[in-house]
There are 2 protein chains.
Amino acid sequence: MTDKNIPDIVVSRLPIYLQTLQHLSRQGKTITSSQELGEQSFITAAQVRKDLSFFGGFGKQGSGYDINYLSARIRQILKVDRIWNVALVGSGDLGHAIARYPGFAERGFHIRYVFDNDPAKIGKMIGTLPIISTDKMVEIIRQEGIMVAMITVPSRAAQSVADQLVQAGIKAILNYAPVALNVPENIRVETVSPILQLEHMTYYL
Amino acid sequence: MTDKNIPDIVVSRLPIYLQTLQHLSRQGKTITSSQELGEQSFITAAQVRKDLSFFGGFGKQGSGYDINYLSARIRQILKVDRIWNVALVGSGDLGHAIARYPGFAERGFHIRYVFDNDPAKIGKMIGTLPIISTDKMVEIIRQEGIMVAMITVPSRAAQSVADQLVQAGIKAILNYAPVALNVPENIRVETVSPILQLEHMTYYL
DNA sequence: TTCTGTGAACCGCTTCACAGCG
DNA sequence: CGCTGTGAAGCGGTTCACAGAA
């Protein structure tokens with residue numbers, strides 16, 4: 001089910017649908033249509049139906065999609081029907097903001113460890129989590145079998161951190177540093193690039 | 001020059017090239033090739049050449065591209081060869097982290113005002129910036145002619161903030177709230193969606 | 001010779017349009 | 001009758017391959 005040659009761009013829209021479905025659900029709706037789901041996701045209805053059809057027929061012809069059922073199926077497909085333990089590397093302002101933001105845990109991404117290489121920070125707490133030395137990072141991540149990490153260290157340190165994470169067995173990295181990370185093919189990296197997004201928009205101003 | 005029907009996807013790669021060029025420049029390089037620029041940006045050499053050719057011939061056949069010259073031209077195209085004043089709405093953890101992060105100013109995005117609707121926060125300082133009541137937001141933004149804003153308020157408040165920003169004359173919004181914002185066609189919105197990025201990656205694990 | 005700039009071929013995603021099921 | 005699921009058509013971005021400039 002996981003990989004039947006589904007276009008990556010289709011997979012990237014599933015989280016959007018999921019977000020919109022939760023939004024509709026919070027409004028008390030139980031049924032939706034490709035029309036409604038599309039409008040609220042800014043995606044055409046035909047696109048929505050095509051995307052979902054890659055994974056099977058989730059709708060009922062004539063009536064539409066059951067919101068709870070469709071949400072559950074998409075969560076299964078994306079493997080977010082479970083808890084993911086996450087390691088956070090970098091305890092600067094951004095690291096703090098992320099560690100204290102409840103939104104990740106609400107979606108099943110539980111930050112379990114915070115690492116930093118600054119001796120002055122080791123042992124200090126962020127909420128209930130102690131800041132741990134990066135010296136122990138590889139060992140802990142491997143031991144705990146953690147597969148997902150976030151990087152919020154300065155750019156110059158990001159590649160070296162990524163290398164260590166790969167060595168520790170991390171399989172998915174969310175990178176907040178404004179650099180392109182080099183990792184083996186079987187490791188997923190997504191970069192959060194607000195500056196590039198701003199630069200993209202100014203073109204049109 | 002700004003809009004000669006350049007595909008949006010091409011524009012979205014220019015900031016990546018710019019980032020890589022700065023990286024190459026910091027390494028002391030002065031000349032590069034579509035090959036090298038592409039490898040470090042994880043984009044094919046043909047794609048790099050094709051993208052740049054939309055805007056004119058910036059390279060020298062046989063030798064390659066002058067890094068300083070190409071950087072300057074891309075900055076012109078993206079209109080990041082100037083200072084952009086930015087309004088930040090929301091002074092929670094994330095707002096604080098953004099306001100204190102020097103990276104935006106380094107790229108020409110200067111955060112000039114921070115707004116929040118929490119009376120307890122009004123008047124407190126973030127660095128050198130006072131937190132200002134959202135009651136004054138529309139007036140100040142309009143008066144100062146600010147065109148770029150960032151939203152870091154909770155999801156439930158984001159659409160209402162966006163509406164006010166549009167009313168105030170904002171033309172580009174960088175949205176950190178996990179919701180799809182509805183704005184008029186002539187306003188640009190980009191959403192920072194780390195959670196969707198994580199959900200995208202877990203599909204492949 | 002090297003590497004850019006670019007028409008043309010290719011490929012893959014999007015949109016269309018309708019059959020078919022509830 | 002309404003809305004999904006889907007083959008087929010359409011379209012746009014990517015890759016190819018080479019002419020041509022330095």
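The legends below describe close-up views of a predicted model.

**View 1. The interface between chain A and chain B in the predicted model.**
The contact draws 58 residues from chain A and 58 residues from chain B, and the two chains bury about 5,400 Å² between them, with 67% of that area on carbon and sulfur atoms. Across this interface there are 24 residue pairs in polar contact, both residues being at pLDDT 80 or more. On the side of chain A that touches chain B, the elements giving two or more residues are α1 (8-26), α4 (67-78), α5 (93-100), α6 (103-106), β8 (148-151), β9 (172-175), β10 (188-191) and α9 (194-202) of chain A. The largest share of that side, nine residues, is supplied by α9(A). Sorted by class, the side of chain A that touches chain B has 38 nonpolar, ten polar and ten charged residues.

**View 2. The salt bridge between R107(A) and E199(B).**
Four salt bridges are counted between chain A and chain B, and one of them pairs R107(A) with E199(B), whose closest N and O atoms are 2.6 Å apart. Because R107(A) lies in the loop between α6 and β5 (109-116) of chain A, while E199(B) lies in helix α9 (residues 194-202) of chain B, the pair joins two chains. R107(A) is buried, as is E199(B).

When neighbours within four places in sequence are left aside, E199(A) is in contact with P15(B), L18(B), L78(B), V80(B), R107(B) and F109(B).

**View 3. The salt bridge between R188(A) and D8(A).**
The whole structure holds 14 salt bridges over all chains, and in this view the side chains of R188(A) and D8(A) meet in one of them, at 3.6 Å from N to O. The pair links distant parts of the chain, since R188(A) belongs to strand β10 of chain A and D8(A) to helix α1 of chain A, 180 residues apart. R188(A) counts as partly exposed because its relative accessibility is 25%, and D8(A), with a relative accessible area of 35%, is partly exposed too.

**View 4. The salt bridge between K121(A) and D116(A).**
Here the side chains of K121(A) and D116(A) meet with a distance of 3.8 Å from N to O. K121(A) is partly exposed, having a relative accessible area of 26%, whereas D116(A), at 8% relative accessibility, counts as buried.

**View 5. Helix α2 (residues 34-41) of chain A and the elements packed against its buried residues.**
The buried residues of this helix are S34(A), E36(A), L37(A), G38(A) and S41(A). These buried residues of α2(A) pack against α1, β1 (31-32), α3 (45-53), β3 (64-66) and α4 of chain A. The helix is followed by F42(A), whose phi is positive, near 60°.

**View 6. The two domains of chain A.**
Chain A is divided into domain 1, which covers 8-78, and domain 2, which covers 84-197. Between the C-alpha centres of domain 1 of chain A and domain 2 of chain A the distance is 31 Å.

Key: Residues are numbered from 1 along each chain as its sequence is written. Chains are lettered from A and ligands numbered from 1 in the order in which they are written. This is a predicted model: local features need pLDDT of at least 70, side-chain atom pairs count only at pLDDT 80 or more; totals for chains, interfaces and linings use all residues. Side-chain values use heavy atoms; hydrogens and water are left out. Contact means heavy atoms within 4.5 Å. Buried area is the accessible area (1.4 Å probe) that two parts lose on being put together, summed over both. A polar contact is a pair of N or O atoms within 3.5 Å; within protein, one must be able to donate a hydrogen and the other to accept it, and residues adjacent in sequence count only if both atoms are side-chain atoms. Helices (H or I, at least four residues) and strands (E, at least two) are DSSP runs, numbered from the N terminus. Ala, Val, Leu, Ile, Met, Phe, Trp, Tyr, Cys and Pro count as nonpolar, Asp, Glu, Lys and Arg as charged, and the others, Gly among them, as polar. Buried means under 20% relative accessible area, exposed over 50%, partly exposed in between (1.4 Å probe, protein chains only). Domain bounds come from an automatic or database domain assignment.
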